[in-house]
Each structure stands twice: as structure tokens, then as C-alpha cells.
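Trainee: I would like to go through the labels used for this protein and see what each one rests on.
Mentor: Then have the structure open while we talk.

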Amino acid sequence: MAGRDSTSDDRTPGASGPPSRRRVLRLAGGGLALAALTVGTVGCDEDAVDVEEPGSAGGDEPKGGGEASGGQGSGADEKGRAPEPLWTKPTSAETYGDNDELVAAGGVVIASGSPLAALDAATGGQKWSLPGGAVPGAPLLLSEDTLYLAGSDYDGSVIGYAPASGKETWRSRLGKEYRQPRPIAVDEEQVYVIAEILEEDGSSRTNVIAALNSTTGRVAWKEQRDVGTEQNGIHAAVRGRHLVYTDFKKNLTVRDTASGGQVWTHKTTKTNYGFFTVHQDLVVVPQGNVLQAFNLADGKEKWSLNASDGALFREPAALEDVLYIADSARTMWAVDPRTGKQLWKSEALADAGLQVPRQYVKAGDTLYGATDLDKQGGIIAMDARSGAVRWTFNDKTGDYHAWLVATDGKRVFALHGKKLHALPV
């Protein structure tokens, strides 16, 4: 097998400082939550009344190059203010800020929580719920027509559901010798999971990565990872024959999806806590003030891009053949992910005094960014062609949770703590 998961945990001088307590909880949340077998619940009421207060949609004038008209498809009013929510509902959300804890599919929007409730995307009314809910910290993993969840009974199951109805459509178990399997990625044929390997005394010092057939549920392959590797803080993606993932150990690892064999691994000393994005045959990784793209097939560097003035690149997103990324100086970049060529660079976030987004979705010609906790954050709507700020939405609650954003192309869904808002695009 070519290469192994490294267990080194060094911190390179000049890397960004230690993560905040909230970020540590967010990334380690799955492991912390799995220790607690009972989770508090907040019901999701189909008849809940919209709770948006007057002016709470963020009525400030756009700054830093924002367009007063809002632009086509932006949802802004004629003065460039944020749109009023189509609906606002309380949720049972229990999130740690990971991008896969809010999903929209099959006409519903789902926030990770217990009970796990699916709300009608158009009205906010409850469509279905699962009493056991989602395992906190584990992803809501969507394929084209299935929502995959770690079993909430902690019995070693991975379960697939139809997003529109909540009906179980698939189930698999890795085996009794494994504990707490979590899905991390999915393609047309397989669901990829990581699980703890049980010792005779019930403890676990190692973990396994495995592929489950998405039709039969049978184990296609499984590979034990090195002692010291972690099953928490995993970020993963799959493209063709390549499964890409990172964890707390600052490694970027690629495996063959057919055999499970490790193709290559790189030590990434400044990976922004494991976030990366994949476009076609490239994986793009922020490493301090350098953005690097590697070939999935062999790990060779394809291109690199340097930030200016010592700024550090943040979380990237490849959407519709454009790579969007901000840096710590609050500069927004649009890059051709195939070549690393800069398409545009905008100072609008800094000019408006706004926080840097850490998650992005796109609808029409508008890029929507979700920020971490900050009263100058929330959901930021930007012109996808220039980076100009069109409007910002903040519910003014002061909740310490990070914002999450998702879209079905017709609406933008913004989750903040236990409030879920649907905004027009």
C-alpha cells in the first residue's frame, strides 16, 4: 500500500494560533457527543409562528461596493437591504458548525438535531421527524436520492432515508467488532465510513475506514488506519476513483475507491483545520498564506497561489467551476480551480467591516457566505461576478453558534442556533 496515515501532530511556527474553544468543540463534536447517549430535545412545531421581529433581517445599507439594486436574483429590496425571511421556525438543531449539518433536498430542509426534523422548504411546516435524531457531530450525508446517517441507537448501523418522506430505504452494519461507524462520503456505488476497532476489553485504540455497497449494504473493503489516527474531525470528498479526507493530524490522504488502498498522503502543516475542496481531478488545500492544488491521481502539485501581506487563506469552496475563498485580511478571491488564475479579488468585506465567511453556496449570480459567530456576520450576499456586498442578514439573537447556509436553488436557508430562516434568492 503506497503510504500510510501519519500520526504526527506538529505545529509549524507561523501557522495560525490554537483553535478557539468553539472550533475545537465543532471539530471534535462527534467524539464528545458519542460519549453522551442521551441528548436533550426541542420539538419542531409544524404550527410554529414566525418569530422574526421588525427590522431583524438586517436593514443596514450595503457597504464596500454593495449594489443598491441588489442585482438579479439577489433577493434584496430596492434599497439594497436584506430580504425579509419567507419563514422562520424554531428547530431542534444541535450543531457544531460543520458544513454538512444543514442540508436541502427533496423539497425539505433538515438541520442536524434530535429529533431530526425535515421542514417543508416552501412553508417551514414539518414534513417528518425521526425520534432518535442525528448523532451530534456526525454529518448529514446526501447522495442524489438518499440521506445517510449514523445509527442513533449506537448499534453499529448506518442507515439511509428518503429525504422527502423520511422512510428508511437502506441499512448496513460494518460488524460487531467495530463501534460507532460514521458515514463520511458517498458516491454512486458506495458509502464510506470510519469506525473504531474494538479491543477485547471494550476499549479502542485504532480505527478502520471502509466502503459499504449502497445497494446491498455489504462491506466492499475495509482498511485499518495507523495507531494514533483519529476518527474525529474528518472532512472527506469522493471523485471518481479517489476518496480524499483529512483529520486532526494535519494530513491530506487519498485512497482508491475500488480497493481502499492508499494512493498518496501529504503532510499539510497549515490546513485550516482540515478544510479543502475538490474540483474535477484536483484537490485544493489552504495552507497558511498559500493555496495549493494537487492532482488526485498522484499528489503532484498542479498550481499554487499566494495571499498578500501575510494574510492566511480560509475555507475554500468550488462552485460551478469557480473557486471562492477569503483570507484573514477579509479579501475575497475568485479563482479558476483548474489553473489557479485569479478571476477577481474584492476588498468589499473589509470595506464594510464584515466578518469572513467560512461556508458558501451559490444561487443564480449571487454567492451566499455564512460566517462564524459575530454580530458583524451572519449571511452575506455577494455578487458572484465581482465580490461586491449586496446585503447581510443577521437575526440579532447574539447566539454563539456559527451560521450555516444551504440552498435548493429557489431559497437560501440560514441556520443560527435553534432558528432556521428561509430567504428568497
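Mentor: A nonpolar core is a set of buried Ala, Val, Leu, Ile, Met, Phe, Trp, Tyr and Cys residues joined through side-chain atoms within 4.5 Å. Buried means under 20% relative accessible area, exposed over 50%, and partly exposed in between, with a 1.4 Å probe and protein chains only. The model is predicted, with local features needing pLDDT of at least 70 and side-chain atom pairs 80 or more, while totals for chains, interfaces and linings use all residues. Residues are numbered from 1 along each chain as its sequence is written, and side-chain values use heavy atoms, without hydrogens and water.

Trainee: Which residues touch the most other members of the largest nonpolar core?
Mentor: The core has 19 residues, and those with the most contacts to other members are Tyr324, Met332, Leu349, Tyr360, Leu367, Met382 and Val389.

Trainee: Why is Phe313 called buried?
Mentor: Its relative accessible area is 2%, and the limit is under 20%, so Phe313 is buried. Trp333 also has 2%, so Trp333 is buried.

Trainee: What makes the pair of Tyr324 and Trp344 tilted?
Mentor: Rings of Phe, Tyr and Trp (its six-membered ring) pair if their centres lie within 6.5 Å; planes under 30 degrees apart are stacked, over 60 edge-to-face, the rest tilted. Here the centres are 6.4 Å apart and the planes at 50 degrees, so the pair is tilted. Both Tyr324 and Trp344 are buried.

Trainee: How many aromatic pairs does the whole structure hold?
Mentor: The search finds eight. One of them, Phe313 with Trp333, has 5.4 Å between centres and 65 degrees between planes, and is edge-to-face.
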